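Biologist: Could we go through how the elements of this model pack and pair, beginning with the sheet?

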Amino acid sequence: MSKPEALLHIDDLMTFMDASSVNFLAIQTIRRRLEAADFERLDQSEQWHIEPGGKYYVIKNDSAIFAFVAGSGTPAEGFRIISAHSDSPGFRIKPNSEIAAPGKTLKLNTEVYGGPILYTWFDRPLSIAGRVIVRSNDPLHPDHHLVKFERPLLTIPHLAIHFNRAVNEGNSLSRQKDMLPVIALINDAAEREDYLLNMIADQLGADKADIIDFDLSLYDTTPACLVGANDEFITSGRLDDLSMAYSAMTALLESGDCRMTKVIAVFDNEETGSGTKQGAASPELDYMLRRICTCLGGREEDYMRAVANSFMVSADNAHGIHPNYPEKQDPTNHPRLGGGPVIKINANCKYMTDADSAAVFRVICEQADVPYQYFVNHSDVAGGSTLGNILTSQIPLRGVDMGAALWAMHSVRETASTLDHEYTIAAFNEFYNC
Ligand code: CO
């Protein structure tokens, strides 16, 4: 890949990020892109009919998506898989969330999801998005609606420095006391009754009595933008891991025909350990790959052969060396923003990468004319994990953990390199070019 003077995908990435305010909306955004490219939705409770070369997708729990282009070869030739995750750390709204507070304010009770950097959420124009469950005639199958309040509705005001002069010397935060968002000024406590529910009912045009439950989260309404004297950086909420989900989706849509089945798997709940039916610790991907193999005429042994012939790229962002904290990184492996996709390695197998799979990804990058770099933890720093090694406990796939480098992972806004974004897509296109 020549130096991408043209940052072909960066405006589109920003559009994608702004539409994908929470996990449910990210999945909706991906679904719409796939449908525009004639991918056909498969229902897990129905019989599947799959043709070689056909394009299909499956949604799980409205918050995970699996899309594939069936290979033109035999089922035993296997899969090329890129995985990512739809969820990001933040705040979920609790049931019975309205709290009438001093100053005639109404605040909402929330619960922290995953590991956000709490203080980055203060003093932001926040709003609400997610899933609302509405009564239907079938108790086991209520209706699901996605909802997004576009305009800023809430803020988490920080305490003035005059009441805590030591705030800049390190300030521990209570998730229950310090982090509750304010939504309105109200005249008396009675007004708080069903305040949020009334807003949701208005937004959906539904009867309040029919709204049975919801999965709603806060999001920062500030749109993604480019930063830097030469537009070197993109800053946005949720780049981890929606920038990787976007890159996987884009490569699936742009790459050519393949004898192997090309798959993207965007799981939910990576930030809380993947332990849900829509998370990477479930057998969901195994079921799906097995089913694709069967529907293409393969038998059990063909599936075993397919798994042995397959390769997975587990795509989740990495930590770029921080200009103010270089001592946090390993002395010889410190990826930088703009240096290309990062291969993530851990001696204690928190990543699925080994020398074999790192070599495969390196050669893919070389073939795509894309630079690559390595991340290994500083040996005194614990570091994170991702879904690659969790998936391999379900399916013994060969594969590599990688991702583009970021600053401020789990901040309400993260910063990445615009150039790395193009490099990542080029590498993924090469991976699917089979
Ligand atoms: Co991540």
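Modeller: This is a predicted model, in which local features need pLDDT of at least 70, side-chain atom pairs count only at pLDDT 80 or more, and totals for chains, interfaces and linings use all residues. Residues are numbered from 1 along each chain as its sequence is written, and side-chain values use heavy atoms, with hydrogens and water left out.

Biologist: In E14, which residue is the bridge partner of Arg-80?

Modeller: Strands here are DSSP runs of E with at least two residues, helices are runs of H or I with at least four, and both are numbered from the N terminus. Strands E4 (residues 79–85) and E14 (residues 311–315) run parallel and are joined by 4 bridges, where pairing requires that DSSP finds at least two bridges between two strands. In E14, Arg-80 has as its bridge partner Phe-311.

Biologist: What is the order of the strands in the open sheet?

Modeller: The sheet has 9 strands with mixed pairing. Its edge strands, each pairing on one side only, are E1 (40–41) and E17 (373–376). The order is E1-E2-E3-E13-E4-E14-E18-E16-E17.
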